[in-house]
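Visitor: Please take a close look at one part of this model for me. I would like the recorded active site and its surroundings.

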Amino acid sequence: MSLRPDLAAIAAHVTPGTRVLDIGCGDGALMAELERVSDVDARGMELDAALVERCVARGLSVVQGDANTDLANYPDKAFDYAILSQTLQTATRPDLILDELLRVGEKAFVSFPNFAHWRTRAALMFGGRMPVTRALPVSWFETTNIHHVTIDDFRELARAKGARIECAWYFAHENEIGALAANLRAEFAVFQLSR
Amino acid sequence: MNSGAASNIYAIPDDLPLDSGQVLSGAQIAYETYGDLAADRSNAILICHALTGDQYVASEHPITGKSGWWERMVGPGKPIDTNRHHVICANVIGSCMGSTGPASEAADGTAYAMRFPVITIRDMVRGLVALLDGLGIEKLHAVVGGSMGGMQALSLAANWPSRAKRVLVIASTARHSAQNIAFHEVGRQAIMADPAWADGDYYSTRASPDNGLAVARMAAHITYLSEEGLTEKFGRRLQDRPDGTRGAKSFGFDADFQVESYLRYQGSGFTQRFDANSYLYITRAMDYFDLAEEHGGKLANAFHGTSARFCLVSFDTDWLYPTAESRHIVHALNAAGAKVSFVELSAPNGHDSFLLEHEQLDRVVQGFIE
């Protein structure tokens, strides 16, 4: 089974043998890959009970919990990596979640859909409606994305939080693209941070 | 009562030191096993039973003739698969199905009755660990328990951390709440208010405090069910009257409502298979249970340095040991850096859900045990 491109980028950059917390781990695809390939001690957190059940049934250590509240129970620097994939934009307070990520993990990976992608901009500018695109496929009234964020917004948030951007990867059409004008060209981004 | 000695019996060779400071000498443990033990003894699973449970987890109860209390979970091809695992289930000390308890004979040849020492959950586990020693099982593949069984699983993990690789705790808690203690006290007072209880010395008489024990069971049984479940099962429906009248009130105190009749049936059925003094001792042990208190007041300390994997499951309609109690344990395990899974499952039947049909529970148990 092939991983989603943002997860594949993260998997490729996690040092083998480390401790990882995957927040919003879904069905555990990334965790399973990390445990299989990199001998990583992976733990997960997921809100959806049905997804947690699937994770536990495949032998993963996943806790049903809410990233908005339940990260507080992990000790400082309990993990080498804290991973937040496609979840930041659904958080009640993304800034506070980012703080927590950098507290529980030595490093953090964050991936999110880029709201400043040209398709999104065009849909809003010319259509005058909230965009429904390949990267943002759900209508405004039922999307779980409550805090739309752009790549430049995220860079600014990281700076404000005193986080260092160690690396970033950008994707369009499921393929990795260069950093040039990424805020316009990328549908998704993955950032590796530390503090 | 207390005739169910068809099980295997293990006589604990050493004195069992108890949390109270007393010592239990000559104790025995009645147990059942299912499935073959592997040559390297690595496939043993210990299942811990609940308050009124027993060792007959997957075989017929010798008194009631009913099938095992968790037969839908344990057996060949079941989520806890006895084709692959060697399942051990033992009656806890203090109980009345063959393990040493208040109905057992003391050294003077008469029943202990209230001379039996007050025991704790950890004391029950001391008995279970002694059994594992006797069976030559150094490390369990898993320890599994629901409700009070979950308390034992947690106690084993905290106090004998090398004895189990996996710890599965279903619908349980790390401490008894004021509400939990309050309900148990109602039950105990019902037993002790029964004249036939006779300060616990009823074994040599023809009477036993069945009325009090039945009331205790009725009160407890309500806590095992959800309001939604009771409403769905009984609502305000009335019983058929003995004279054949359907759905009419008696304007008296017969069991007019179906729920009354159900509780009375549960209560009286229970007295056929359970000893009232055992009920006092075991509820006391549960009330004393506070795993954090045993470990300097901090639950995370109980699991410090553990290498076991944990899985906790709660049910959304369980108000006896609600999800918050499981989360409390999960947070402590997170703080201790333990490998832990947790899921709250949706089920209509309250605390009892862990014993009933639940496909998601089956998948979680099977996935975690494998």
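**The active site in chain B**

Guide: D318(B) sits in the loop between β11 (309–315) and α9 (323–335) of chain B. Helices (H or I, at least four residues) and strands (E, at least two) are DSSP runs, numbered from the N terminus. This is a predicted model: local features need pLDDT of at least 70, side-chain atom pairs count only at pLDDT 80 or more, and totals for chains, interfaces and linings use all residues. Residues are numbered from 1 along each chain as its sequence is written, while chains are lettered from A and ligands numbered from 1 in the order in which they are written.

UniProt, in an unreviewed entry, lists S147(B), D318(B) and H351(B) for "active site". They are spread over 205 residues of sequence, yet they cluster in space, with a largest C-alpha distance of 10.7 Å. UniProt positions follow the numbering used here, feature names are shortened, and annotations may be inferred rather than shown by experiment.

D318(B) counts as buried because it has 28 C-beta neighbours inside 10 Å. Buried means 20 or more other C-beta atoms within 10 Å of a residue's own; exposed means 12 or fewer; partly exposed is in between; C-beta atoms are placed from the backbone. Not counting residues up to four places away in sequence, D318(B) touches A171(B), G350(B), H351(B) and S353(B). Contact means C-beta atoms, placed from the backbone, within 7 Å.

Now H351(B). Its loop runs between β12 (339–345) and α10 (359–369) of chain B. H351(B) is buried too, with 25 C-beta neighbours inside 10 Å. Beyond four places in sequence, its contacts include S147(B), A171(B) and D318(B).

Conventions
Contact = placed C-beta atoms within 7 Å.
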